[in-house]
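The sequence and the structure come first, and the description follows.

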Amino acid sequence: MREGRASPGASSGNVRGRWEVCPEAEAAKLLPFLAPGARADLQAAAVQHVLALTGAESGRQLLAGQQALLQALSELAAAPAPAPARDAARALVNLAADPSLHEPLLAADPGLPARLLGRALDPQWPWAEEAAATLANLSREPAPCAALMAALAAVEPGQSGLERLVCALCTRGYNAHAPLHYLGPLLSNLSQRPAARAFLLDPDRCVVQRLLPLIQRSDSSVRRGGVVGTLRNCCFEHRHHEWLLGPEVDILPFLLLPLAGPEDFSEEEMNRLPVDLQYLPPEKQREPDADIRKMLIEAIMLLTATAPGRQQVRDQGTYLILRELHTWEPEPDVRLACEKLIQVLIGDEPEYGMENLLEVQVPEDVERQLQQLDQEQQQQQLDREQQQLAQESRVEGTAPT
């Protein structure tokens with residue numbers, strides 16, 4: 001996810017040209033204007049120059065070696081008015097979208113994850129969405145994700161940082177100035193770590209139950225995708241499948257409903273479906289985002305890892321929903337995922353000793369191919385998010401100088 005913005009008073013090409021000649025000298029010129037106490041209009045112009053640079057790979061690479069400038073930028077992103085915190089925060093979103101900038105950012109400001117987390121969870125901070133987007137970008141990589149988990153653990157004594165994050169994500173109007181959609185992908189990235197999944201799957205916390213209604217939130221595909229990604233990651237923990245599929249959580253209808261259309265099933269077929277999927281109205285729409293549909297299918301596939309899980313998924317009419325989805329589905333990769341799940345549901349049970357599909361040993365060459373496919377899908381999702389943010393920036397327009 002990346003913010004695009006034109007530079008005020010000069011083209012971004014001119015700015016980059018001067019930096020390419022002597023980046024250290026240009027950084028030295030900008031630094032006094034980025035410092036606390038600098039004149040507000042000059043500070044704003046300096047930050048906008050930096051923001052323009054972050055919109056292109058060449059500009060980001062030039063900034064990667066400017067530790068003092070990166071530190072000043074990260075401090076401005078959390079500074080109160082009249083500091084140009086919004087443009088500084090947007091510059092950090094762009095920088096964090098580039099994995100090669102993660103190490104320079106953390107080297108320049110090791111406390112950046114904790115500072116951004118504080119701003120993202122501050123109900124009064126107007127640029128909390130930008131802070132959340134930067135954290136979502138940073139947490140894609142293992143080292144920044146580990147730093148963020150440490151920051152969450154270091155929240156005020158007696159409080160859980162992950163609990164605060166979930167609360168902010170699940171509470172409408174938590175921040176009147178920012179929708180906090182990007183807390184969704186942030187939580188999804190964090191849920192790749194065992195400690196985060198242990199928190200999310202703690203039956204006494206009821207976190208999963210609070211996340212499930214967000215699957216239907218129509219205001220943001222970013223939030224929905226983040227929540228579905230989180231739930232999919234939780235489904236890797238097969239020891240919790242009985243609880244997830246049981247009456248205490250009853251996750252399957254929540255995963256199936258976005259995949260269901262307005263089909264009119266026979267009375268016999270209708271009775272096989274969970275109550276929430278019966279007699280859906282003619283205007284019922286499927287989840288419009290193909291990546292989210294695919295993650296929903298993947299989550300259900302994970303729930304079929306064990307023999308009891310497969311039986312429970314079969315017994316709730318999952319095949320019927322998938323059959324109609326496969327007929328409707330326009331995206332080949334989603335249709336393929338649907339076919340694989342259907343095959344698991346209608347195929348023969350695995351031979352003795354291989355009942356748990358998550359514990360079956362996969363040949364190394366096949367595992368490498370699967371990892372490559374997963375990386376390509378993640379890059380495609382990132383490219384789509386960047387295009388969406390670029391379109392939003394064009395609609396918003398350039399700030400006046």
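Just after helix 20, glycine 317 has a positive phi of about 70°. Helices here are DSSP runs of H or I with at least four residues, strands are E runs of at least two, and both are numbered from the N terminus. This is a predicted model, in which local features need pLDDT of at least 70 and side-chain atom pairs count only at pLDDT 80 or more, while totals for chains, interfaces and linings use all residues. Residues are numbered from 1 along each chain as its sequence is written, and side-chain values use heavy atoms, with hydrogens and water left out.

Helix 20 covers residues 307-315, and its buried residues are Gly309, Arg310 and Val313. Buried means under 20% relative accessible area, exposed over 50%, and partly exposed in between, with a 1.4 Å probe and protein chains only. Pro308 and Asp315 are exposed, on the face turned away from the buried side. The buried side packs against helix 16 (241-245), helix 17 (251-256), helix 19, helix 21 (318-328) and helix 22 (332-346); contact means heavy atoms within 4.5 Å.

Most residues other than glycine have a negative phi.

| Residue | Phi | Loop between |
|---|---|---|
| Leucine 180 | about 60° | helix 11 (161-170) and helix 12 (183-190) |

Leucine 180 is buried, with a relative accessible area of 1%.

The largest nonpolar core has 111 residues, of which Leu183, Leu190, Leu211, Leu244 and Ile251 touch the most other members. Such a core is a set of buried Ala, Val, Leu, Ile, Met, Phe, Trp, Tyr and Cys residues joined through side-chain atoms within 4.5 Å. Leaving aside residues up to four places away in sequence, isoleucine 251 touches Leu212, Cys235, Leu244, Leu245 and Leu303.

The protein has 23 helices and zero strands. Of its 401 residues, 51% are buried. Among contacts with a separation of 6 or more, 72% join residues 24 or more positions apart. The protein exposes about 18700 Å², and carbon and sulfur atoms supply 53% of that area, computed by the Shrake-Rupley method with a 1.4 Å probe.
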